[in-house]
Amino acid sequence: MSGEAGKGSSDSDVKEQFFRRFKQQETTLQEKMARLKQSVLQPAERANLTEQCLASISRLSNEAKDASAYLPAYDQRTCSTAVRSLHENLQEIRNASAPKRKFAFKKTIAQKNAANSGNGPPEDASVRSQGATGDKIKTASSNEPDHRSSDPPKNQDSLDAGPVSGTAGAITIASLSSTHHRFDFASSEPGSSTSISNIHHSAVDLSDSLSRPFATLAINSVTESLLICGRTSGAAHITGVENSTLIVWSRQVRLHECKNCLVYLRCGSRPIIEDCKGILFTPFPPVYDTTESPWPSSLNMWDQVDDFKWLRAEHSPNWSTLQPGYEGKIGIGSGSWEYIKSFGSAGCSLSELDDLLRAAKVV
């Protein structure tokens, strides 16, 4: 009897210690989030504090998972609710403090002059002739925005390039459909923030950033595409990506509302997913690796994923891993990497783009 009593007392002590530690961390997180509401914070300080909160929520979620072995179902639900509430509060604070983005389309000087003179606009330098057929394919320009007419293209077999722009400290790639675009980072500032959005059936190659990493990466609304994201020294936030292949090297990675994606990843912290399904993680491909790595290889946590919407002890069904050497028909074959890496956008036809997307397991 004394042995059973001692065992019950020990279990009670473990639970009490867990709840005391859980409550302390929850209180600390709430204090940090209260600081985030202060408008006097500098952008860098706000970003650093936000990442601390994200990491703390992830750690708290993991501790709750580990404690499920000895916590009753009611207590597990209580912890899960608390973690979810912390995450939702943090998201509300981030949304409230995010600057309102303004979108505007401006005519280039050449277009204004052409309109004033009554003549048509000059032929874009990015338009290249494709043999004697006279068919023309437009490729996205990395130096100036591509201001396009709203009229549909006459040649349905040509690549449709959307606006791509680079400004001081920021790179924006948006509204690409059936396009291959390789960004030249020689004209960009080191440490730029990069945004990729509204991409469909396209390939975007940012591999030049392996030697010139950008500060942050934001990806939104991408379908049926290949994104070679290069290297990010800070955080990569990936939202609304479906049926696509991503090659990402970043200190922190977070996926939100993504479905059916193959992710080649090198990450310096535990990747986070939320509201995701069918995510397959595999290590960053050696063909894009570099000796200028800022993190030891031991810190590559590509397979240590936290699912914020799966707080049970069992493995989340929303993601899985593909170990090196077991790609088979799922991952990119060993013979396809050099083809993908050396693929050029100049003069690329729609059929060639389709071949590239097939090699990258997109279509």
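Predicted model: local features only at pLDDT ≥ 70, side-chain atom pairs only at ≥ 80, totals over all residues.
Is lysine 309 buried, partly exposed or exposed, and what is its relative accessible area? Lysine 309 is partly exposed, with a relative accessible area of 38%.

**Helices**

Helix α3 covers residues 73-97. Several residues of α3 are buried, among them Asp75, Cys79, Ser80, Ala82, Val83, Leu86 and His87. Leu90 and Ile93 are also buried in this helix.

Glutamate 26 belongs to α1, and when residues up to four places away in sequence are not counted, glutamate 26 touches Ala82 and Leu86. Glutamate 26 is itself buried, because its relative accessible area is 12% and the limit for a buried residue is under 20%.

Between α1 (2-36) and α2 (43-67) runs a loop that holds leucine 41. Leucine 41 has a relative accessibility of 10% and therefore counts as buried. With neighbours within four places in sequence left aside, the contacts of leucine 41 are Arg35, Leu36, Arg46 and Leu49.

**Strands around β10**

Strand β10 spans residues 259-267, and seven of its nine residues are buried. Strand β9 (residues 226-256) pairs with β10 in the parallel sense, over eight bridges. Strand β12 (residues 277-283) also runs parallel to β10, and six bridges join the two. Leucine 265 of β10 can be followed in both pairings: valine 248 stands opposite leucine 265, and leucine 265 stands opposite proline 283 in β12.

**Charged pairs**

Side chains of opposite charge can pair when their charged atoms come close. The count of salt bridges in the model comes to eight. The table gives three of these pairs.

| Glutamate 63 | Arginine 21 | 3.8 Å |

What does the pair of glutamate 63 and arginine 21 tie together? The side chains of glutamate 63 and arginine 21 meet in a salt bridge. Glutamate 63 lies in helix α2 and arginine 21 in helix α1, so the pair ties together parts that are 42 residues apart in sequence. Arginine 21 is partly exposed, with a relative accessible area of 37%.

The pair of glutamate 26 and lysine 23 lies within helix α1, where the two residues are three apart and are therefore separated by about one helical turn.

Aspartate 275 counts as partly exposed at 35% relative accessibility.

**Cysteines**

How many disulfides does the model contain? The count comes to zero. For cysteine 276, the nearest cysteine sulfur is that of cysteine 258, at 4.6 Å. A disulfide needs the two sulfur atoms within 2.5 Å, so cysteine 276 is in no disulfide. Cysteine 276 is buried, with a relative accessible area of 2%. Cysteine 267 also counts as buried, at 0% relative accessibility.

**Positive phi angles**

Where in the model is serine 175 placed? Serine 175 is in strand β4 (residues 170-177). Its phi is near 55°, a positive value in a residue other than glycine. Serine 175 is partly exposed, with a relative accessible area of 39%.

Glutamate 257 is placed in the loop between β9 and β10. Phi of glutamate 257 is near 55°, again a positive value in a residue other than glycine. At 42% relative accessibility, glutamate 257 counts as partly exposed.

Definitions and conventions. Residues numbered from 1 in each chain as written. Heavy atoms only, no water. Helix = DSSP H or I, 4+ residues; strand = E, 2+ residues; numbered from the N terminus. Expected span 1.5 Å × (residues − 1). Buried < 20%, exposed > 50% of the residue type's maximum accessible area, 1.4 Å probe, protein only. Pairing = 2+ DSSP bridges. Contact = heavy atoms within 4.5 Å. Salt bridge = Lys/Arg side-chain N within 4 Å of Asp/Glu carboxyl O.
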